[in-house]
Amino acid sequence: MRITQTADLWWKNAVVYCLDPETFFDSDGDGVGDLAGLAQRIDHLAELGVTCLWLMPFYPTAEKDDGYDITDQYGVDPRLGNAGDVVELIRTAADRGIRVIADLVVNHTSDQHPWFVEARKAKDNPYRDYYVWRSDPPPDTSDQVVFPDQEDSIWELDEATGEWYLHRFYKHQPDLNIANPLVRDEIAKVIGYWLQLGLSGFRVDAVPYMIETVGLDEGEEARYGDPHVYLASLRQLLARRQGSAILLGEVNLPYPEARTFFGDGHGDELTMLFDFVGNQAMYLSLARQDATPLADALRARPEIPIDAHWATFVRNHDELTLDKLTEDERQEVFAAFGPDEDLQLFGRGLRRRLPTMLGGDPRRIRCVYSLLFALPGTPTLFYGEEIGMGENLELEGRLAVRSPMQWTDEPNGGFSTADAADLCAPVTQGGFGPEFVNVRAQRRDPDSLMSHVTRLVQRYRECPELGWAPLCVLEQPHAAVLALRSTVDDDTVVTLHNLGDEPVTVPLDLSDLPQDRRLLVDLLQDASTPVGDDGRVELTLEGYGYRWLRAAGPGMVRLL
C-alpha cells in the first residue's frame with residue numbers, strides 16, 4: 001500500500017498522545033506544569049513517534065473540575081501561560097511533525113463564567129437564554145446524573161430568580177442552551193479562534209449531552225432542529241477554515257447509536273469516535289484471559305465511512321468506565337483488577353492505570369500495548385503510559401490517574417523544583433513512583449517499556465494497512481488468542497495476541513494470499529515463517545505473547 005494515499009486523511013494512521021499541561025512539566029518552579037514546560041518536553045513525544053498531541057483544557061477555570069469548568073473559552077489559564085505560549089507550543093510541535101488538538105468543552109461552562117453570572121441576574125437578562133431554565137419544580141432525575149456520588153438531580157435551584165437551571169454534570173457547571181443561535185455562533189467563534197492560532201482540531205467533550213434537547217420546550221426544539229444537522233455544520237466550519245482539521249468525539253454509546261455521530265453514512269459529522277465498547281470488552285477479555293469478548297466487539301463494529309475512524313485506547317483521563325458491560329461482566333472485571341471499593345468509582349468503573357491492574361507483570365503490559373497498536377483504529381496514549389506509570393490513590397476519584405509526569409528519580413520525579421507541598425498534585429509513591437518508573441531510566445534502556453512502545457509506534461506507522469484495512473478477525477481454535485488480518489490491495493499484516501499465560505501454536509488459513517506473498521516476516525523480531533503450499537501456517541506464541549507479521553515475497557524481505 002502506498003503511504004502517500006493516507007496523507008490527506010492523516011488521522012487514519014496517527015498516534016495520539018493526551019496530556020494535561022498542568023501535570024506534565026513545570027518550567028518555572030511554581031509547582032504547576034505549564035505550556036512552556038510542555039514545549040521543552042516536545043522532543044520526548046517526537047522520540048516516541050507521536051504525531052498528534054491532545055491537550056486537556058488549558059483555559060481559565062474556576063478550578064472545581066480539573067479545568068473542565070471553563071470561565072473563558074478564548075483565554076489561557078494564567079498559571080499555565082498565555083496565548084503566545086500556545087502559539088509557540090503549536091509551532092514547536094509542528095517543527096517535529098506533531099499536530100496539536102485541544103479539548104472543546106461546550107456542553108457547559110463554569111457557573112463563574114461571565115455569561116452565567118449575567119444570566120442569573122434577571123429572567124430578562126440578554127444572557128438568560130444562553131442556558132436552560134425551568135420555572136416549575138423538576139421531577140426526580142437522580143437516575144440521570146453523571147456523578148451519582150456528587151449530585152442527586154440534573155436541575156439546580158437558582159435562589160436569585162427562583163428558577164432551576166440544567167446541569168448534566170456538576171451543579172457548578174450549568175449546561176449551555178445549544179438551541180440558541182447566539183450560543184451556536186459563540187461556539188463557532190471559539191472553534192475559529194483556536195484554528196486560526198494553529199490547532200488541527202478538537203477532542204469534543206461529552207458530545208451526546210452537548211447536542212441533546214433535555215429541558216427545551218417545543219418551540220426551542222423546533223428552532224434547533226435535528227441535532228445531527230448541527231454537528232454537520234461544525235464539521236463544515238472546520239472544512240472551510242482548515243480542511244484537514246478533525247473532531248474527535250467522546251461518544252460513550254452502543255455501536256448502533258454511536259455510528260450516527262459519524263453522519264449516517266455520509267461521514268460529515270465527527271471525524272473520529274473513541275471505541276468505548278471495544279475498550280470495555282478488552283478489559284473483560286483480559287480479566288478472563290479469553291479474547292472472545294473483544295473479538296465479538298470488533299465483529300460488532302458497524303461499517304463506517306471511509307474517511308471516518310475509531311480511536312482506540314487502553315486508558316484515558318476519566319475513570320475506566322465499564323458501563324457497557326452487564327452487571328455480572330462488570331463484577332468479573334472488578335474482581336480481577338479492582339476488588340476493593342476504593343479502587344472503583346460510581347459502581348461502574350475503575351480509577352486505576354493498567355500496570356497496577358496487571359500487578360506490574362511486564363509480559364501482560366507489553367502484550368496489551370502491542371494489542372492497542374494492532375487494533376483497527378487510531379491508537380491514543382494517555383501521558384505516562386509509555387513508561388508504565390501507576391495511579392495515585394491519594395487523589396480523589398478520577399484524579400487518581402492524573403498525578404504529575406515522572407521524568408527522573410529526583411525529588412518530585414523531575415516534574416518540578418518546587419517543594420512537594422506546593423505541587424498541583426502529589427507525585428505517585430511506592431513501587432510505581434519515580435524511583436522505579438521514570439523517563440530518564442527508560443529512554444536508553446532497549447528492554448524498557450518505553451523502548452517497547454516506541455518500537456510499536458514505529459512499526460504501526462510503517463503499516464498503513466492497520467488504519468485503512470477493513471476489519472478481519474481470523475478463525476483459529478484458541479480462545480485466548482486474538483488473530484487479526486489487515487489487507488489493502490495485495491498488502492497484508494497479520495497480528496496475533498495471546499491473552500492467556502499458556503504457550504500455544506496457532507494454525508491459520510491464509511490460502512488467499514498471492515503466491516508471491518507467502519512468507520510471513522516478523523516485524524517485531526528477526527524471524528520469518530513460510531506459508532505452506534496449501535496456504536496454511538502454524539505460528540507459536542508464548543504465554544502473553546504477540547507477533548506482527550507482514551506477508552512478503554523473497555525480494556521484499558531485506559526492506560522489512
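Tutor: What follows is a set of labels, each set against its cut-off. Keep in mind that this is a predicted model.

Student: Why is V100 called buried?

Tutor: Buried means under 20% relative accessible area. V100 has a relative accessible area of 1%, so V100 is buried. Its place is in strand β3, residues 99-104.

Student: What is V100 in contact with, leaving aside its neighbours within four places in sequence?

Tutor: Contact means heavy atoms within 4.5 Å. By that rule V100 touches L53, L55, I90, A93, L199, S200 and G201. Take S200: V100 and S200 are 100 residues apart in sequence, and their C-alpha atoms are 5.6 Å apart in space.

Student: What makes β1 and β2 a pair?

Tutor: Two strands pair if there are at least two bridges between them. β1 and β2 (residues 52-55) have 4 bridges, in the parallel sense. The label therefore holds. Y17 stands opposite L53 in β2.

Student: Which strand is joined to β1 by 3 bridges?

Tutor: That is β14, and the two run parallel. V16 has T380 in β14 as its bridge partner.

Student: How do you know that both faces of β1 are covered?

Tutor: Look at each side of residues 16-19. V16 and C18 are on one side, Y17 and L19 are on the other, and all are buried. In a regular strand the side chains alternate between the two faces of the sheet.

Student: Which strands pair with β10 in the parallel sense?

Tutor: β9 (residues 272-274) is joined to β10 by 3 bridges, and M272 stands opposite H309. β14 (residues 378-382) also pairs with β10 over 3 bridges. There F313 has T380 as its bridge partner.

Student: Why are β4 and β5 said to stand at the edges?

Tutor: Start with the order. An open sheet of 3 strands runs β4-β6-β5, with antiparallel pairing. β4 (133-134) and β5 (155-158) each have a single partner strand, so one side of each is left without a neighbour in the sheet. For β5, 4 bridges join it to β6 (residues 163-166). D158 has E163 as its bridge partner there.

Student: What makes a set of residues a nonpolar core?

Tutor: The members must be buried nonpolar residues joined through side-chain atoms within 4.5 Å. The largest such core has 154 residues, and Y17, L53, Y283, F373 and L482 touch the most other members. Helix α14 (residues 362-374) gives the most to this core, with 8 residues. A second, separate core of 17 residues includes L474, V504, L539 and L549. In soluble globular proteins, nonpolar side chains tend to be buried together.

Student: What does L53 touch, leaving aside its neighbours within four places in sequence?

Tutor: L53 is in contact with Y17, L19, L38, I42, L45, I98, R99, V100 and I101.

Student: Why is one space called a cavity and another a pocket?

Tutor: In a cavity a 1.4 Å probe fits but cannot get out, whereas a pocket is an open set. Here the count comes to 11 cavities of 30 Å³ or more. About 80 Å³ of space lies in the largest cavity. Its lining has 8 nonpolar, 2 polar and 2 charged residues, with D175 and E212 among the lining residues.

Student: Which elements give two or more residues to the lining of the second largest cavity?

Tutor: They are α10 (276-288), α11 (292-300) and β10. α10 gives the most, with 3 residues. This cavity holds about 70 Å³ of space. Its lining includes T312 and F313.

Student: How many residues line the largest pocket, and of what classes?

Tutor: The largest pocket has about 730 Å³ of space. Of the 32 residues that line it, V146, F169, Y209, N252 and R348 are the closest to its centre. By class, the lining divides into 13 nonpolar, 7 polar and 12 charged residues.

Terms used. Residues are numbered from 1 along each chain as its sequence is written. Side-chain values use heavy atoms; hydrogens and water are left out. Buried means under 20% relative accessible area, exposed over 50%, partly exposed in between (1.4 Å probe, protein chains only). On a 1 Å grid over the protein atoms alone, a cavity is a set of points where a 1.4 Å probe fits but cannot get out, and a pocket is an open set with protein on both sides within 12 Å along at least five of seven lines; lining residues have an atom within 4 Å of a point. Grid points are joined across faces, edges and corners, and a volume is the space filled by probe spheres set on the points. Ala, Val, Leu, Ile, Met, Phe, Trp, Tyr, Cys and Pro count as nonpolar, Asp, Glu, Lys and Arg as charged, and the others, Gly among them, as polar.
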